[in-house]
Number of protein chains: 2
Amino acid sequence: MSNPIQFYFDFTSPYGYIASERIEALAERHGRELQWHPIVLGFIFKLTGSQPLLNYPLKGEYARRDIQRACRQYDIPFQLPEPFPTNVIAAARAVLWHQQSQADAHQSSALIHAIYRGYFADNRDIASADVLIDIAADCGIDKAALGQALGDDRVKALLKTATDDAIEKGVFGSPFVLVDGEPFWGQDRLEMLDDWLARGGW
Amino acid sequence: MSNPIQFYFDFTSPYGYIASERIEALAERHGRELQWHPIVLGFIFKLTGSQPLLNYPLKGEYARRDIQRACRQYDIPFQLPEPFPTNVIAAARAVLWHQQSQADAHQSSALIHAIYRGYFADNRDIASADVLIDIAADCGIDKAALGQALGDDRVKALLKTATDDAIEKGVFGSPFVLVDGEPFWGQDRLEMLDDWLARGGW
C-alpha cells in the first residue's frame, strides 16, 4: 500500500483554495489516498516571522494578479473576498470536528470545498459560526451538532493538537503537501508533485 | 513583430540560475527574442522589506531542498556555493558593460551562463573582479577591457539606471519575466509563461 497524500491548507489562503480544487484529481491519477489537514497559518507565522503574502509591497499586488490568472487558467471561480484575510479558527475547528466525529470522509471533503468556495467564490463570511453552520447544513451536516462543537473545549483542543502536529512536521505555508516524507509547498508545486509521484521521486 | 521576453535575474539567486538554464529554449519555442537584465536584488529588497528566502526559518531549509530537487529534475548541475548569498554588484556591472559596449548578444548570454555556472555549479567566487575577468576571458572577452570597465563610473551608472528601471517596472524578485506587459515571478512560473505565450494570454 502506498502512503496517502497529506494536504495541509489554511482557509484564508488563495493558493490553498486553488490547490484544493486540483489535488483530488492528482491523488486519483496516482491511486493515492488524500488526507485533508486544516491549519491556522497565523499560529505558524508567529514562529517563522512571515506575513501573509498580500501584505508585502509589490509582491502583494503581483500575487493578486497571479491568483486571478491561475484561477482563470484552471477555470476556478474566484473573487477576492472582503475582509481578506479572515479568521479561520472556527472553519478549521468545524472540519476537524467533522473528521473526528463523523467518519464520513466524503462529507468532510464536501465541507472543505463548500467553505473554501463560500469564501473565495461567493464572498461569504466564513469567520462567522452562523455562516459556517449554514454552509455545513448544505452538505447535510447537522446544524445543532456543529453549533455545539464550535464551542466545545475538546474541539478547540483538536485544533491545538493539529497545529502542533503540523509545526512538528515542518509545515510552514499553505498549501503544503507531504507525501512519502517529501514536502511540496505551494499550488505551483503540484506539477512537480505529479511528476514526483509518476517517477517515484528522483 | 512580437515583443521580446524581458528576463530579470540576480546572480546570487538559485531560482534565477535554474530559470537561466531554461528560458532560452522557451523563448525559442515561441519565436520570441530574449533580453537579459542583470539586477541586484539587495537594492530592491530594501524597498519591499523582503529578505533572501534562505534566511527565513523553515522556509530556508525547504528552499535548499527544493532548489536541489528542481536542479535534478531539469538536469542542471548545482552545489550550494560558499559564501551564499554573495555580492553580485561586479558581476551585474560586467554584464551591463558587455551588453552596452560589445554589441554581441551571443557573447553576452555566454558570459551570463558562465558566471551563473561558475557560482552555482563550480563554487567560484564571483564577487571577485579577478574571478569575473577569468570567467569572461574564457568567453573570449578582453581581460583588460573588462578590468577597466569594472572600475569605471559610467559602468557604475549603468547599474544604477538598470536598477531604477527594474524598480519602475515593478520587478521585485529573481527570476522575473515581463512579456507583453505581463509579469511572471519565479522559475516555477515558466510553465505558466509557456502556456501564456502558446495561448496568447487568457
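Leaving aside neighbours within four places in sequence, which residues is Q187(B) in contact with? They are Y15(B), I18(B), A19(B), R22(B), A70(B), Y74(B) and P175(B), where contact means heavy atoms within 4.5 Å.

Before going further, a word on the basis. This is a predicted model, in which local features need pLDDT of at least 70 and side-chain atom pairs count only at pLDDT 80 or more, while totals for chains, interfaces and linings use all residues. Residues are numbered from 1 along each chain as its sequence is written, chains are lettered from A and ligands numbered from 1 in the order in which they are written, and side-chain values use heavy atoms, with hydrogens and water left out.

Back to Q187(B): its place is the loop between β4 (182-185) and α10 (190-199) of chain B; helices (H or I, at least four residues) and strands (E, at least two) are DSSP runs, numbered from the N terminus. Q187(B) is buried, at 4% relative accessibility; buried means under 20% relative accessible area, exposed over 50%, and partly exposed in between (1.4 Å probe, protein chains only). Its C-alpha is 6.8 Å from that of G16(B), although 171 residues separate the two along the chain.

**How the copies relate**

Q73(B) is buried, with a relative accessible area of 16%.

**Salt bridges**

The whole structure holds 32 salt bridges over all chains, each a side-chain nitrogen of Lys or Arg within 4 Å of a carboxyl oxygen of Asp or Glu. Three of them are listed here.

| Pair | N to O distance |
|---|---|
| E182(A) and R65(B) | 2.8 Å |
| R117(B) and E21(B) | 2.7 Å |
| D180(B) and R32(B) | 3.0 Å |

E182(A) is buried at 8% relative accessible area, whereas R65(B) is partly exposed at 38%.
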